[in-house]
Amino acid sequence: MSRLKDLQKNLFGGTTSNARQFGMIFTLVAIVVLFQILTDGLTLRSDNLIALFQQNSYILILAIGMLMVIVAGHIDLSVGSVAAFAGILVAKSMAEWDLPWPVAILFGLAIGAIIGAWQGFWVAYIGVPAFIVTLAGMLLFRGGNQFIGNANTIPVPEGFREIGSGFLPEFGPNTGYNNATLLLGLAAAVAVVWREIQARKTRRAMDADPAPMWISILRMAIMVGVIAFASLRFASGRVGTSFPISGIILLVLVIAYSFYTRNTAGGRHIYAVGGNSRAAELSGVKLKRVNFFVMMNMSVLAALAGMIFVARSAASGPQDGNGWELDAIAAVFIGGAAVSGGIGTISGSIVGGLVMAVLNNGLQLMGVGTDRVQIIKGLVLLLAVAIDVYNKSQGRFSVIGSLMRPFRREDSAPPASPPDAEREPAKAAVSG
Amino acid sequence: MSDVPILLEMRSITKEFPGVKALSDVNLVVRAGEIHAICGENGAGKSTLMKVLSGVYPYGSYDGQIVYQGSESKFSDIRASENAGIVIIHQELALIPGMSIAENIFLGNEPRKRGAIDWKAANRMALDLMARVGLQEDPDTLIKDIGVGKQQLVEIAKAFAKDVKLLILDEPTAALNEADSKHLLDLLRGFRSRGITSIMISHKLNEIEAIADQITILRDGRTVETLDVKADGVDEDRIVRGMVGRELSSRFPDHTPKIGDVFFEVRNWNVRHPISAERQVCKNESFVVRRGEIVGFAGLMGAGRTELAMSVFGRSYGVYESGTIIKDGKEIVLKSVADAIDNGLAYVSEDRKAIGLNLLDDIKSSTVAAKLSKISHRGVLSEVEEYQAAEAYRKELRTKAPTVDESVSKLSGGNQQKVVLAKWMFTDPDLLILDEPTRGIDVGAKYEIYGIIQRLADQGKGVIVISSELPELIGLCDRIYTVFEGAITGEIARADATPENLMKQMTSTKKMLTK
């Protein structure tokens, strides 16, 4: 049991929400394995993996921004409409005003920033609840999209499509694989090892014992193994396909925003505002600025997601981005964020988004209709958050802890009182 | 009086909370038809006693007996006590602002006709009840459209709707102006002549002296005495003596102050209430703090001490009107909390759970929360420095926690307070304002906090302590200002400070600037 506890405690770094994340990753792996079996190996085939990433990169980008909005204690219902609005303007700018596509991308991001400033203004400086502001935005920018595009679709040029449907280029000797993807995988593996070494150094600087060596090695081995497997898969798809450009954009954003939320004062302030806004204010946090920033940032990311989607479907249409807000919000909550704010991580939200994506994809591969897919997704969301709420009401945060509870009770000596047996896993979770 | 039948007798009531004995062996005898006042300092146990009586703390959660109307009562909740005719009116009124007077009076008690609310009857009965409390309004008027004084009357009317026999009023006049207070006191006299018994908790000793028949004084959760106002010839001084008369010994670490020059000064400070702009919460207040000095602010709840402190701390309360702050000989303008922190001010709030800490955080991120720049290098937080800082304070303040990774929500009150102190010490302040630094903390931890405060002063910092416990102020502070209704009413050096003269200046508008 103690080895297992060690494992749970150490597998994913050294912060408090790890037990929860461990549970999430555990769930993700379980779902992948389940569908791999149910679909006779279709799920992990190269072309399916590539499609999975391309189809979901924009939702995952939205989940990054949504996580920050939700941690700050707000919500954004307008992201789908904002994405569509930015998409149509960008498409139009290239089709009718002949903007070169790189300029058009900057133009799209600027539109996102302006819309974000508009919504942030109402939320932060006037004090209108974000739910209302973005509900209004949802109608406003959906209508805006259809007004500007005349409810028609507008095609986008070849170069622009790269950000949605492009792949890493082919170069170098013919290895039978896409070399760029292999290099990317190698870089990721090196980064994982380097991070592990840094983490051990940090732990030592904190006079704390780093995780046992075998755990570090196991953790690195698993990560490197997953990276190697994934890069070989992505590199061995149909000729001309490899790791998608939209995946690269997502990767860069995940790394940058994870760093921002964890390691900078600005990121800390978002958690502080969501945790206790009055306490944050009395600690010198500029409440309005933080609220303005998270709302604005969300719309910029929504505009980016909209452009990637338009690039992938080669045209901007009036129904783009319908229902995205719900997928993004679901990803964040499945990823362990608290409805009341203050809790949640970028990586958790990405894993949450991937759970939904794999579920969606796997069910479609099995030929399940969209009606039943929706029913299942709805139940998964409800169940994931219900488990979280239940755990909190029991005073523990650990999914694994609750899974282990029945065994533990048997472990303890016969006269052991149940309350003690229940407190045990909670302690384990906290120390993790 | 002794031949009048006893309505209520509470016998040796003891109520414990985890770690604190709020009431021990309290006795209260209330005779039918009298006005019985309960006096005591903040935290003496008055409200707890009333909560025991009204069933907020149900039978079984306390020890002792409640004998009411001749038989023992075992109230399981407020409803049970209300059914027996005991109605409590809290300091914070329990009215719904968006509902009408009549709706509020009959809330939860609506007159019905075949399942539906009979509004005709309700309005008729409401008018009748309103007449009994002297409230002349349309019963359809919304609560938010009438003043606090009238709201208070609605509460009392609501009590009559429940056929009240024993009316308990907790600080009924605290929020009222003079005219409304007078009306309320007259009303209570009227009830007495009609045989209704009242229990009244109040800090306003002049009102108690004027209206009460009997006074029971509580101190530290014990009954001190019960006075008969007429027979014993009770006056304000007599009540004060009963309230504060306790020995002060060795509850404070030995300390020889090293007081330097004045370095912080607030002049003619005027602030208005954030919502009702006609209310002035700081009235031309001026004070000074010297280096190495611990300055106390004494006052009753609602006197405006917290409002003063927070408005000075980067205008985090109320609407600033006028006044200057001078630090080290230069005028400084603090428009935000960030300005205040940058200028070396720190404010430890009175309610650490509601506004002092983010309870989702662990110890280490709480410790550095108010000055992240100190552990940042080119915008990147150093986890190692964060840990080292938190660990250093954990050792220095002897915070009891397994590691600094522990969530602050899991700590006891005293240890949470140490984390809050660490958070503000980490900002390297010159002036620390500590608002009720020992509220809800057990005696041992209090002693440690006093020691920390004294060490901070010895480092040449100025410390302001706001406290409702007079012995704490007298034991800890080098100089004490008294505050009453938003104005500073006195300044007393440690040598001259006694609970009696502090209490007098805290309860009167008379300017008695003794030196």
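Leaving aside neighbours within four places in sequence, Leu62(A) is in contact with Val79(A), Leu301(A), Ala302(A), Ala305(A), Trp324(A) and Ala328(A), contact meaning that C-beta atoms placed from the backbone lie within 7 Å. The model is predicted, with local features needing pLDDT of at least 70 and side-chain atom pairs counting only at pLDDT 80 or more, while totals for chains, interfaces and linings use all residues. Residues are numbered from 1 along each chain as its sequence is written, and chains are lettered from A in the order in which they are written.

Leu62(A), Ala63(A) and Ile453(B) have the most contacts inside the largest nonpolar core, which has 249 residues; such a core is a set of buried Ala, Val, Leu, Ile, Met, Phe, Trp, Tyr and Cys residues joined through C-beta atoms within 7 Å, buried meaning that 20 or more other C-beta atoms lie within 10 Å of a residue's own. Helix H13 (residues 287-313) of chain A gives the most to this core, with 17 residues.

An automatic or database assignment divides chain A as follows.

| Domain of chain A | Residues |
|---|---|
| domain 1 | 49-166 + 246-371 |
| domain 2 | 172-243 |

The centres of domain 1 and domain 2 of chain A, taken over C-alpha atoms, are separated by 28 Å, and 4 residues of domain 1 are in contact with 5 residues of domain 2. On the side of domain 1 of chain A that touches domain 2, helix H3 (46-71) and helix H10 (245-263) each supply at least two residues, helices being DSSP runs (H or I) of at least four residues.

Technical notes:
Buried ≥ 20, exposed ≤ 12 C-beta atoms within 10 Å, placed from the backbone. Contact = placed C-beta atoms within 7 Å.
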